[in-house]
Amino acid sequence: MSTQNGKIGKVYLIPTTLGDMPPLEVLPISIKQTIEKLDHYIVENEKTARHFIKKISPRKSQPSLKLFALNKFTLAEEIPSFLNPCLEGYDVGILSEAGCPGIADPGAAVVKIAHDKNIQVIPLVGPSSILLALMASGMNGQNFAFNGYLPIDGADRKKHIKNLERRSKEEDQSQVFIETPYRNNKMLEELIKTLAPSTRVCVAADITLPTEYIKTKTAINWKTENVDLHKRPAIFIIQA
């Protein structure tokens with residue numbers, strides 16, 4: 001296959017804001033510069049991706065954009081074709097809905113294929129809610145694990161929480177996880193009821209936004225804290 005200038009394009013992992021903030025308040029200028037030179041993107045949602053691109057680069061031509069949707073409706077056999085522009089010599093950007101692509105994000109599937117095809121992958125600097133929460137938690141940043149979503153079923157979730165607490169104690173490891181925003185309050189209630197009184201719990205919500213809330217307390221001390229986490233993006237961290 002012939003390529004532009006005989007070169008294979010690169011894949012840029014482009015972080016986005018964690019909420020509705022002016023992009024350049026939390027993103028470096030390199031993000032704007034990269035977006036201004038790319039026309040091919042792999043995104044979770046075309047509408048929000050176009051909105052973000054327009055916000056960070058208002059003069060960029062929207063009709064020139066070629067967007068490939070990568071979400072729960074995307075067929076696995078479709079994904080390799082998203083990198084065809086790279087094989088034709090064009091650089092491709094991967095945009096997350098929030099934060100860093102490839103971290104708790106479907107973009108990881110594309111990055112894996114890029115490596116298999118020997119396409120250079122370039123991660124750009126931007127906000128990761130997981131790392132920012134851990135930085136502000138006061139918990140072990142030398143040894144930690146990100147566990148994604150915990151089980152929805154009450155009994156399974158309680159068992160999982162106890163297992164994370166046990167692992168944290170045995171390995172001196174911070175345990176990081178997330179929840180669907182409308183179930184955040186229930187998750188905090190469950191942690192307070194399930195964990196040992198002395199286990200520390202960090203709640204980090206609305207990171208980088210004006211409503212940012214980050215607190216670390218023991219499980220027993222969370223009982224006296226009045227906070228509403230409903231529909232607020234949050235990270236939970238525990239350490240026994």
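A residue is called buried here when its relative accessible area is under 20%, exposed when it is over 50%, and partly exposed in between (1.4 Å probe, protein chains only). By that rule, Phe177 and Phe236 are both buried.

This is a predicted model, in which local features need pLDDT of at least 70, side-chain atom pairs count only at pLDDT 80 or more, and totals for chains, interfaces and linings use all residues. Residues are numbered from 1 along each chain as its sequence is written, and side-chain values use heavy atoms, leaving out hydrogens and water.

Let's look at helix α7. Helices (H or I, at least four residues) and strands (E, at least two) are DSSP runs, numbered from the N terminus.

| Residues of α7 | Exposure |
|---|---|
| Arg157, Ile161, Leu164, Glu165, Ser168 | buried, under 20% |
| Ala155, Lys159, Glu170 | exposed, over 50% |

An α-helix has 3.6 residues a turn, so residues three or four places apart point the same way. The exposed residues in the table lie on the other side of α7.

What covers the buried residues, by contact (heavy atoms within 4.5 Å), includes β6, β7, α8 and β10.

Where do Phe177 and Phe236 lie? A search of the whole structure finds 2 aromatic pairs (ring centres within 6.5 Å; planes under 30 degrees apart count as stacked, over 60 as edge-to-face and the rest as tilted). Phe177 and Phe236 form a stacked one, 5.9 Å centre to centre with 15° between the planes. Phe177 lies in strand β7 and Phe236 in strand β10, so the pair ties together parts that are 59 residues apart in sequence.

Methods:
Phe/Tyr/Trp six-rings, centres within 6.5 Å; stacked < 30°, edge-to-face > 60°.
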